[in-house]
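Subject: Structure handover

Hello,

Here is the structure I promised to pass on. Please open it alongside this note. My findings follow below.

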Amino acid sequence: MSTPELISQLTNLAQSHAQVEEIKKKIATCDALIHENKKAIDNANITLSDQRDMVAAAQKEVDNLELDAEVIQAKESVLNKKLKTITKQREAEAVEKELHQISRERSTCERMLERAWNVLTLAKKKYTAEQSENKKKTALFHQNIEKLTLEYTGYADELEQALASEKLVALKVPNEWVDRYKNMMESVSDPIVQIVGGSCSACYYSVVPQDANRLRKGDMLSCRSCYRFIYLSPEQQNKEANPAY
Ligand SMILES: [Zn+2]
């Protein structure tokens with residue numbers, strides 16, 4: 001294969017390879033976005049379930065305090081009945097003292113119950129709001145995922161085609177060049193460079209005499225310093241073959 005032909009095939013290979021890499025990047029971005037949206041759905045559901053837990057906890061507090069209130073009421077009613085049957089002054093005073101104490105307990109319990117009711121009402125309100133918010137948010141995330149999954153499928157098809165076409169292009173390039181070229185492409189943007197003034201035009205390493213001979217014959221070689229592919233342009237080959245004196 002002549003050097004210009006090889007250069008053209010390698011350039012084609014570079015383009016095919018770049019296309020493959022570009023599609024891979026798109027797929028990775030798509031994948032990351034799908035993941036992000038799934039995570040967002042999880043987070044929204046966690047927030048909702050936290051609100052639900054808060055309602056349950058507030059409800060439990062109300063239930064407990066209501067039970068306390070019932071117990072206090074029962075005690076009060078027992079003592080009130082007892083008081084009516086008592087005839088002795090000192091006994092009556094003792095019961096009245098107890099009743100007074102219970103009445104204070106009842107007030108405290110009522111205040112706590114009122115606060116607990118407020119907490120419960122607020123928690124329920126927040127939960128209801130979060131429910132509708134969650135519905136809206138997750139619907140949007142699901143919509144995003146659906147769209148991204150479609151895009152992903154499209155890119156996967158594109159990748160399959162690009163890989164097949166890269167394979168075809170690579171078939172036209174001599175085997176020894178394909179892997180070296182692919183490796184080179186990962187590290188530099190200009191894997192093929194000309195020889196200018198007897199040196200690699202990328203790293204300025206001087207070409208050794210035996211390589212110069214092969215380059216003059218039109219071979220493509222690897223630079224011994226930077227490993228880029230080096231060649232002499234046909235004009236330079238002519239100049240080297242018929243130096244003007
Ligand atoms: Zn070089």
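First, a term: a residue is buried if 20 or more other C-beta atoms lie within 10 Å of its own, exposed if 12 or fewer, and partly exposed in between, with C-beta atoms placed from the backbone. By that count Pro209 is exposed, because 8 other C-beta atoms lie within 10 Å.

Two notes on the source. This is a predicted model, in which local features need pLDDT of at least 70 and side-chain atom pairs count only at pLDDT 80 or more, while totals for chains, interfaces and linings use all residues. Residues are numbered from 1 along each chain as its sequence is written.

Back to Pro209. It lies in helix α4. Helices (H or I, at least four residues) and strands (E, at least two) are DSSP runs, numbered from the N terminus. Pro209 and Gly198 are 11 residues apart in sequence. In space they are 9.5 Å apart, C-alpha to C-alpha.

Now the helix pairs. Two packed helices are described by the angle between their axes and the distance between the axes. Axes are lines fitted to C-alpha atoms, for helices over the stretch in contact, and angles run from 0 to 180 degrees between N-to-C directions.

Take α1 and helix α2 (residues 89–172). Their axes come within 4 Å and cross at roughly 165°. So α1 is roughly antiparallel to α2. (Angles under 35 degrees count as roughly parallel, over 145 as roughly antiparallel, 65 to 115 as roughly perpendicular and the rest as oblique.) The α1 and α2 crossing is left-handed. That label applies if the near helix is turned anticlockwise from the far one by less than a right angle; clockwise gives right-handed. The contact of α1 with α2 divides into 44 nonpolar, 15 polar and 24 charged residues. Here Ala, Val, Leu, Ile, Met, Phe, Trp, Tyr, Cys and Pro count as nonpolar, Asp, Glu, Lys and Arg as charged, and the others, Gly among them, as polar.

Leu159 lies in helix α2. It counts as partly exposed, because it has 17 C-beta neighbours inside 10 Å. Not counting residues up to four places away in sequence, Leu159 touches Val20, Ile23, Lys24 and Ile27. Contact means that the C-beta atoms of two residues, placed from the backbone, lie within 7 Å. Leu159 and Ile27 are 132 residues apart in sequence, yet 8.9 Å apart in space, C-alpha to C-alpha.

Next, helix α1 (residues 3–85) and helix α3 (residues 175–187). Their axes come within 11 Å and cross at roughly 55°. That makes α1 oblique to α3. This crossing of α1 and α3 is right-handed. From α1, the contact uses Leu10, Leu13, Ala14 and His17. From α3 come Trp177, Tyr181, Lys182 and Met185. The residues of this α1 and α3 contact divide into 6 nonpolar, 1 polar and 1 charged.

Which residues form the largest nonpolar core? There are 9: Ile195, Cys200, Val207, Leu215, Cys223, Phe229, Ile230, Tyr231 and Leu232. Strand β4 (residues 229–231) gives the largest share of this core, 3 residues. A nonpolar core is a set of buried Ala, Val, Leu, Ile, Met, Phe, Trp, Tyr and Cys residues joined through C-beta atoms within 7 Å. Leaving aside neighbours within four places in sequence, Cys223 is in contact with Cys200, Cys203, Tyr205, Arg228 and Ile230.

Finally, Tyr204 has a positive phi of about 65°, although it is not a glycine. Tyr204 is found in the loop between β2 (199–200) and α4 (209–216).

Best wishes
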